[in-house]
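Please examine the sequence and the model before reading on.

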Amino acid sequence: MKILVTNDDGINSNGIIAAKDAAQQHADTTVVAPLTQQSGVGHKITLMKPLRATPTQLMDKSEGYIVDGTPTDCVILGVNSIMDEKPDLVVSGINIGENLSKSITTSGTLGATFEAASFKIPAIAVSLQVIREDVKFSNGVHNIDYNYAKKILSKLIGRVIEYGMPTGVDILNLNIPAKPSGEDIIQAPFAHRMYTTDVEKRIDPYGHPYYWIIGNMVDDENENTDVNTIRKRCLPTVTPVSIDMSVNTDISKWLEE
C-alpha cells in the first residue's frame, strides 16, 4: 500500500506533516508538494516551462520532494516519475482553512485530487477550519493543533483502505472544524457558496485603478449542507465527489428547436 501526500499550502506548511503522519499509520508515504503557497490555483497545470522536483528534508527530518509548480503538477510528477509504483491513494492537505461548497473548483487542494482521480486513483482532500483568517494564505509554519484533524483523517483513510471508495465516488472532500463538538464524520452535500464574491476598486498613488476580489463568509442555514455542519454544528463533514461533470439529461429536442 502506497500513499502520495501533497498540498497547496507549500512544502513548509506543517499541515502536510500532519497529513503525512496520518497516512503513515496505514501505508508507505511519499510527500511531493509545491515550493510555495498555491491556494486558489484550482486544477492549474504547468505547460509552458520545465518543472523541477528536488529532494528535500521536511520539517520532521523525513524526506520529501519540492516541485516548482502547482498541486496538479505535484500529482503528475509524483505518479509518473517520482514514485516507483502508482499510489493506491492520494491525500491532499491538511489545508489551512475550509474547502466547502460548490466553490471547491478554485481550490488547489482539490485540484490535486481532481488530477489523481483522472489517473483513477482514489483521493482525499482534507481541510481544517481556522479561526484566524490571516494564516490561510501565508507560507510557513503556524501554531495550529492538528491532533484532532490527524485522528479524523486517519479514520477516513482506514475506511478507504478497508472498503475501497464508495461506488461512483472519485474524491472524498473532508473538512474538519476548529472547535469540534464530536468525532462522527457527517456526510453533507455542498452549500451553494462558502463566500460571497465582490470587487473593491481602489486608486493607486498615480491615479490608476486597481481591484481586490473580496468576499464575506456565507452562513448557510440549511442544516444538511457542509457549510452549516462545519460552522454551526462543529462536526467533521465529508462530501463525495465525482469528476464526471456531465449531466444525464437528454437535450436532443432542445438542440432541434
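Predicted model: local features only at pLDDT ≥ 70, side-chain atom pairs only at ≥ 80, totals over all residues.

Residues are numbered from 1 along each chain as its sequence is written, and side-chain values use heavy atoms, with hydrogens and water left out.

Reader: How many of the 11 residues of helix α1 are buried?
Author: Helices (H or I, at least four residues) and strands (E, at least two) are DSSP runs, numbered from the N terminus. Buried means under 20% relative accessible area, exposed over 50%, and partly exposed in between (1.4 Å probe, protein chains only). Helix α1 covers residues 14-24 and is largely enclosed by the rest of the structure, because the number of its residues that are buried is 9.

Reader: Which elements do the buried residues of α1 pack against?
Author: The buried residues of α1 include I16, I17 and A18. By contact (heavy atoms within 4.5 Å), the partners of these buried residues are β1 (2-6), β2 (28-34), β5 (89-96) and α4 (147-163).

Reader: How many disulfides does a search of the whole structure find?
Author: A disulfide is counted as a pair of cysteine sulfur atoms within 2.5 Å. C74 is buried at a relative accessible area of 0%, while C234 is partly exposed at 22%. The number of disulfides found in the whole structure is 0.

Reader: Which residue is joined to G93 by a cis peptide bond?
Author: Omega of this bond is about 0 degrees.
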